[in-house]
Amino acid sequence: MDKSTAGPRVVVVGGGATGCGVARDLILRGFDVTLVEYGDLGCGTSSRFHGMLQSGARYAVSDTVYAGECMRERRIINKLAPEAVEETGGLFVSLPDDPADYGDKFFAGCQEADIPVRELDPADVMASEPAISRGVHRAFAVPDATVQPWRLLNLVAADIRRRGGRVLLRHRVTSFDMTGGRVRAVEVEGPSGSLRLEADAVVNAAGPWSGEIARLLGQDVALELTKGSILVFAHRLVTRAINRCRMPSSFDIMVPTGTVSLFGTTSEVVDDPSTTLVRPQEVQDLLDAAEPMIPGIRDRRVLRAWAGVRPIVKPDNWPSGRSLPRRHTVIDHGASGAFTICGGSWTTHRMMGEDAGDHVASFFGINRPSESATTPLSPDGGGSAWNPTTNYQGVEDAQTRKRTLCECESIDRDLVSQMVNDEGLKRFHDLRRRLRIGFGPCQGTFCGSRLAGLVAHLDQDFPAQKELEAFWAERLKGATRTAWGHHARQIILSDAVFRENLGIRLDDKAHPAGDDR
């Protein structure tokens, strides 16, 4: 894009799914866009969820309109970025203690929301999913899927850059210049010092931190912050995303993603958006709740536990005790040129970007509709669907086992070298997010040292030892919360490998907050 002909300058604060969706929508409309993220793309709530790209069936009874929105967006995202989506399919199963009449309501709600739904023979479901309860008495198939969040967000960011936008990672917003009651500039602090970003408008898309950014703008945004904790199990215990067939609540989803399975989530109102500590009692509550769905779940290996904080908009005069709506809200802060968008879900992030784009365009009197639903993310139109077995099949076909850096996720050394050399990615957590290094059963015990050796070889000035300390500190933090029995022995062994063999000395300040996902 020719900057001399670009439209008004807009700074989008927050590099999660919502912020990326907003930034892409605006740049497609001709705005001059800068996306600012405090950490790495998607390192907040956008990577701290159950990983589902929802069909909307979960809300087919509680909010049929929103369920329909999810289904439409699920189709759009799959078309735009198939390489980040695994078409697992989803199941809603009724167990003996689920409401007997909910199945009929669920089926009718899916039909009203235009969500493809089929009732299945429970015997066939139990035969195809041997890990689930033998007490399934009704089952429904829906087109749920899973998404690899960092892959999709990096596709979006690459498209933003390709169209002339800026993406500033590890830059913290410190203040706003609101001279004359209008947005004039955004002051940020980054690795190279302070920057002043001239702006005609600002979109606050900082997720659970939206309240803090709003206060810097002199505004107040009423949010309810709810922490959701999740357990990560080794291996794919189920082949499809399994939901309890009941009103949406806590402890009711098991999702296969990559080489692992996720079960959750809890729901606890918190005050601090950075609250991601999982308490021992939460782990026990999750295991207790998972037992009816997956009998014998305590005998399965749990790799780690982690948590994310959801920002939910609290409408005025909302009844006490009633669950808050999941729909998003765009708040126009008057004539200042400042907007806040929050709420919604991962599945609806593109639609949220479109809605925010409509508000910003209207503010400037620009009549150009959104193109984000129909414009391909990649110049070549996108790749094939994400399949977690692709890496393994590639190694078998090419017979390149000796080039494997991470066996758990079958990551080739050459792929890591390419990212280090071509994209300048050297921080281990950045490479982990993009390639899933350290996500598997060994949790980085063997691939961590190989990664350090490879990066040190490619850049002898890079502090690989310090990075390895930060890498293991985060892997250990999540794993110790679920360390019992044989798993505890494995964690102790892994810790001994890092400390005794590799000379790692852990420092609580060695890693930035929010990387334990």
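Which residue just after H10 takes a positive phi? I looked it up: Gly424, with a phi of about 70°.

**Ground rules.** I am working on a predicted model, where local features need pLDDT of at least 70, side-chain atom pairs count only at pLDDT 80 or more, and totals for chains, interfaces and linings use all residues. Residues are numbered from 1 along each chain as its sequence is written, and side-chain values use heavy atoms, with hydrogens and water left out. Helices (H or I, at least four residues) and strands (E, at least two) are DSSP runs, numbered from the N terminus.

**Helix H10.** I took residues 413–423 next. Val416, Ser417, Met419 and Val420 are the buried residues here; buried means under 20% relative accessible area, exposed over 50%, partly exposed in between (1.4 Å probe, protein chains only). These four lie on the same side of H10 because they cover an arc of only 160° around the axis. That arc is taken from the directions from the helix axis to the C-beta atoms. On the face turned away from the buried side I found the exposed residues Asp422 and Glu423.

What do the buried residues of H10 pack against? I listed strand E22 (404–406), strand E23 (411–412), helix H11 (428–435) and helix H12 (447–458). Contact means heavy atoms within 4.5 Å. I also checked the start of H10: a side-chain oxygen of Asp412 comes to within 2.7 Å of the backbone nitrogen of Asp414.

**Sheet E10-E11-E12.** I traced an open sheet of 3 strands in that order, with antiparallel pairing. Strands E10 (172–177) and E12 (193–198) are the edges, each pairing on one side only. From one strand to the next, the twist averages 25°. For such angles, axes are lines fitted to C-alpha atoms, for helices over the stretch in contact, and values run from 0 to 180 degrees between N-to-C directions. Two strands pair if DSSP finds at least two bridges between them. E11 (residues 185–190) and E12 share 6 bridges. Ala185 stands opposite Glu198 in E12.

**Strand E14.** Is E14 (residues 223–234) mostly covered or mostly open? It is mostly covered, with 11 of its 12 residues buried. I went through its antiparallel partners. E19 (residues 302–313) joins E14 over 11 bridges, and Val302 in E19 is the bridge partner of Phe233. E17 (residues 260–264) joins E14 through 5 bridges, with Ser261 in E17 as bridge partner of Phe233.

**Arg240.** I found Arg240 in the loop between E14 and strand E15 (241–244). Arg240 counts as buried because its relative accessibility is 18%. Its side chain makes a polar contact of 2.7 Å with that of Ser128. A polar contact is a pair of N or O atoms within 3.5 Å; within protein, one must be able to donate a hydrogen and the other to accept it, and residues adjacent in sequence count only if both atoms are side-chain atoms. Leaving aside neighbours within four places in sequence, the contacts of Arg240 include Thr88, Leu120, Glu129, Met254 and Pro256.

**Cores.** Which residues touch the most other members of the largest nonpolar core? Of its 42 residues, they are Val10, Val12, Leu26, Leu152, Val203 and Ile341. A second, separate core of 30 residues includes Leu95, Ala139, Leu231 and Ala305. A nonpolar core is a set of buried Ala, Val, Leu, Ile, Met, Phe, Trp, Tyr and Cys residues joined through side-chain atoms within 4.5 Å.
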